[in-house]
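Visitor: I would like to learn how to read a model like this one, feature by feature. Could we take the helices, then the strands, and then the places where chains touch?

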Amino acid sequence: MTNLHIRWGGVCIVAIVLIVLTYDHYRDNLASLAPQQVRQEAPKGDIRVLGMVQGGTLETRGAGEATFALLGEHASLPVHYEGPPPDNLRELKILVLIGTWNVGAQVFEARDIGIVPNYGFIAGAYLLGLLPLALLLFAMTRRVHFLYDEIKASKLYEEE
Amino acid sequence: MTSFSVIRWIVWKDFVTELRSRETISSMVFFALIVILIFSFSFSMDQQAAREVIAGIMWVAFAFTGIIGLGKSFSTELQNDCLEALQMVPEAKGAIYLGKVAANFAFMFVVEILLFPMFVILFNLEVVEEISLLLLVFFLATVGLSAIGTLFSALTVQIRAREVMLPILLLPLVVPVMIAAVEATKGALNGDPPAMYEQWLELLAIYDVVFTVVSFWMFEFVMDS
Amino acid sequence: MTIHRVIRKVQRFEGWFGGSAVLCLIAGLYLGLIGSPPDYYQGEVVRIMYIHVPLAHTALLAYIVLTIGSLWYLWKRDPIVDNMCQAVAGLSAVFTALALGTGMIWGKPTWDTWWTWDARLTSFTVLLLILIGYLMLRTFVDDPEKEARYGAILAIVGFVDLPIIHFSVEWWRTLHQPQSISMRGVSISSGLLVPLLFMSVGMSLLFSYMLMVRTQLLYLDRLLHAKKGRLLSQFHLSKSDS
C-alpha cells in the first residue's frame, strides 16, 4: 500500500458515501405509480402518480381549486386539487402528483403537483463531469510516480 | 532599405513570380470552379432558393481557395532556402508580414473578382445597384482572411503536415469573418437597406484592425530564429 | 531564475490544493444534490447547473492561464513555463469538452434538444477546436523551442479572437433563431448561489492541482528523455573513441 493508493482509496470511499447519501435522499421520489395501478390496487396513504393532464379536462375554479383527468397508458384518474394551481399545471403536460386515492369517491385528492424529476439526466451529468476528471488525475499521478521511480532506478538522476 | 521598400520589394517579388509561373491564381480559380460545380449538384436551386444559400456557398468557395493561396505564399519560399534569406532581412520582420499580406490580399481579391461573375451567371443572380457594397464586403472580409492567414501560413510552413494544419488552425479563428461576410453578402444580394447589415461591416472592420495589429506583432516571433 | 523558485514554492503546497479541492467539492456536492431546494421552473434538473457552470468557468480560467503563460514564454523563453502551457492546454481541452457534454445533458430536459446553436455553446465549440488545433500543432513540430513558440502564438491569437467569436455568434443567433429557447428561470437566487460557489471554488482548486501534477509529469518526461539521450550519445562517443 503506497501513499498513492491510500489517498485514492479515501477519495473512493468518500464518493461511495456521497452516492449512498444522495440515493437515500431521493429514494422516495424515484418510484411513482401509473393511473391504472392506482385503480387496480387502490393503495392507502400518500402516493405519487405519474401521468399526463388530459386535453380539455382541466377546469380551475377560482384561485384555489382545480379538477382534471390524469391520463396514463391504459386508464385515467379524475383528480381534485386544492390550493393555488402552479404554473406547471397545463393541459397535455406530464406531471407527478402527490396525494391520496379516495376509494369511495373514486377521486385522487392531490396535495402537491410537480414536474417529472429527471434524475437520469442529473446522474449522467455529474458522472460525465466528475468521473473523467478523477480518472485523468489518477492516471497522471500514477504516471508521475512511475517516472520518479524510473529516473531513480535507471540512475539517471544526478544533482545539477 | 527602409521598411517601406521591403514591403514594396516583397509585393513586387510575389507578383513577378506569379506572372511567370501563373501557379497560384490559376489553381485557386479552377479549384473554386470545381467547388461551385459540386455545390450546384448538391443543392438543386431555383432563383429564390439560390438567394438564400448563395452567400454561404460563395464564402465557402472563397475561404477554401484563399487557404490554397495562403498555403502557397510561404511554401514557395522554402525552395532555395528563401525563408532563411527573408529571416535575415535587417529591417523589422513586420515589413515582411505587411508585404506578404498585401500580396495575398491582391491574389485573393483578384480571384474573388474573377469568380463573382461566374456566380452571377450560374445562379441567375441580379446584381446592379449593390455592386459597390458587395465590393466593400469582399474587400473587408479578404483583408481579414489574409491578415490572419498570412501569419498562420508562416507559422505552419516549417512543420509536418502543413497542408492539413493550415485549415485546421485557421478556420476556427476566422469564424467571425465567415459569419459577417455571409450575412452582409446575403443582405446586399437581397437588396436590403444597408442599415440592416451595417453591424456586420463594422464587425469586419474591427476584426481587420485587431488582427492586422496582433498578427503584425506575433509575426516577429514566428520569424524569430 | 525567479519563476523557477516561485513554481517550486507553489509546488510544495501541492497537497493543500488537492485536499482543499476535495473538501470544497464534497461540500458543494452535498449542498447541490441534497441541501438545496429544487428550482421553481426547472425542478430538480437545475442541479446540473452546479456541475456545468463550474466546469465552464474553469475552462475559461484555464484558457486565461494559457494566454498569460504564453505571453510569459514569448517574453522570457522559459522552458518550464512552456511545460505549464502545454499542461494547461490539455486540461483546458478536457474541461471544455466536459462543459459541453454536461451542457448538452442539461439542454435535453430543459430545451428538449441535445444541441442548439446557442451563442455560448457555439463559442465553446470553437474554443474546443482551437485547443485541439493547439495540441495537434505541438505534436507536428520537431524542434521543442519552435514548438513552444508556435503554440504560444496560436494561444494568444485565439485569446484575442474569442470575444469576437462570441459576439458574432450572438448577433448571428438573434437574427436566425427565435429567442424562445433561453435561460429563463435561472435567475441566480441565494439558495442556488452557495452550492455553486463551493463547486466553482472546488473546481478551480482541482484544476490548479491537476495543472501542477501535469506540469510535473511533462517536466519529468522531458528530463528522462533528455538524460536517456545524453547517456546514449555518451555511450556511442566512448565506443567510437576506442
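Visitor: How are α4(C) and α5(C) oriented to each other?

Guide: Please keep in mind that this is a predicted model. Two packed helices are described by the angle between their axes and the distance between the axes. Here the axes of α4 (residues 79-111) and α5 (residues 119-139) of chain C come within 9 Å and cross at roughly 150°. Angles over 145 degrees count as roughly antiparallel, and α4(C) and α5(C) are therefore roughly antiparallel to each other. The crossing of this pair is left-handed.

Visitor: Which residues of α4(C) and α5(C) make the contact?

Guide: On the side of α4(C) they include Gln86(C), Ala89(C), Gly90(C), Ala93(C) and Gly103(C), and on the side of α5(C) they include Leu121(C), Phe124(C), Leu128(C), Tyr134(C) and Arg138(C). Sorted by class, the residues of this contact are 13 nonpolar, six polar and one charged.

Visitor: At what angle do α6(B) and α7(B) cross, and how close do their axes come?

Guide: The axes of α6 (residues 131-156) and α7 (residues 162-173) of chain B cross at roughly 150° and come within 10 Å, and the crossing of α6(B) and α7(B) is right-handed. In this contact Ile148(B), Gly149(B), Phe152(B), Ser153(B) and Thr156(B) of α6(B) meet residues of α7(B), among them Arg162(B), Met165(B) and Leu173(B). The contact of α6(B) with α7(B) is made up of seven nonpolar, three polar and one charged residue.

Visitor: Now the strands: in which sense does β5(A) pair with β6(A), and over how many bridges?

Guide: For a pair of strands, one reads the sense of the pairing and then the bridges. Strands β5(A) and β6 (residues 107-115) of chain A pair in the antiparallel sense over eight bridges, and Asn102(A) has Val107(A) in β6(A) as its bridge partner. The two strands form a hairpin with four residues between them, and Gln106(A), in the turn, has a positive phi of about 55°. Strand β5 (residues 94-102) of chain A also pairs with β1 (residues 47-53) of chain A, in the antiparallel sense over six bridges, with Met52(A) standing opposite Ile94(A).

Visitor: What are the partners of β4(A), and which of its residues form the covered face?

Guide: Strand β3 (residues 65-71) of chain A runs antiparallel to β4(A) and is joined to that strand by seven bridges, while a hairpin of four residues connects β3(A) to β4(A). Pro78(A) in β4(A) is the bridge partner of Ala69(A). With β6(A), by contrast, β4(A) pairs in the parallel sense over three bridges, and His80(A) stands opposite Glu109(A) there. The covered face of β4(A) holds Leu77(A), Val79(A) and Tyr81(A), whereas Ser76(A), Pro78(A), His80(A) and Glu82(A) lie on the uncovered one.

Visitor: How many residues of chain A are in contact with chain C, and which element gives the largest share?

Guide: An interface can be read by its residue counts, then by the elements that supply them, and then by class. In this case 31 residues of chain A are in contact with 35 residues of chain C. On the side of chain A, α3(A) gives the largest share, 20 residues, and by class that side has 22 nonpolar, seven polar and two charged residues.

Visitor: And what does chain B bring to its contact with chain C?

Guide: Here 23 residues of chain B are in contact with 24 residues of chain C. Helices α7, α8 (175-189) and α9 (198-223) of chain B each supply at least two residues of the side that touches chain C, and α9(B) gives the most, with eight residues. That side of chain B has 19 nonpolar, one polar and three charged residues.

Conventions: Residues numbered from 1 in each chain as written. Chains lettered and ligands numbered in written order. Predicted model: local features only at pLDDT ≥ 70, side-chain atom pairs only at ≥ 80, totals over all residues. Axes fitted to C-alpha atoms, helices over the stretch in contact; angles between N-to-C directions. Left-handed = near helix turned anticlockwise from the far one by under 90°. Contact = placed C-beta atoms within 7 Å. Nonpolar A, V, L, I, M, F, W, Y, C, P; charged D, E, K, R; others polar. Parallel < 35°, antiparallel > 145°, perpendicular 65-115°, else oblique. Pairing = 2+ DSSP bridges. Buried ≥ 20, exposed ≤ 12 C-beta atoms within 10 Å, placed from the backbone.
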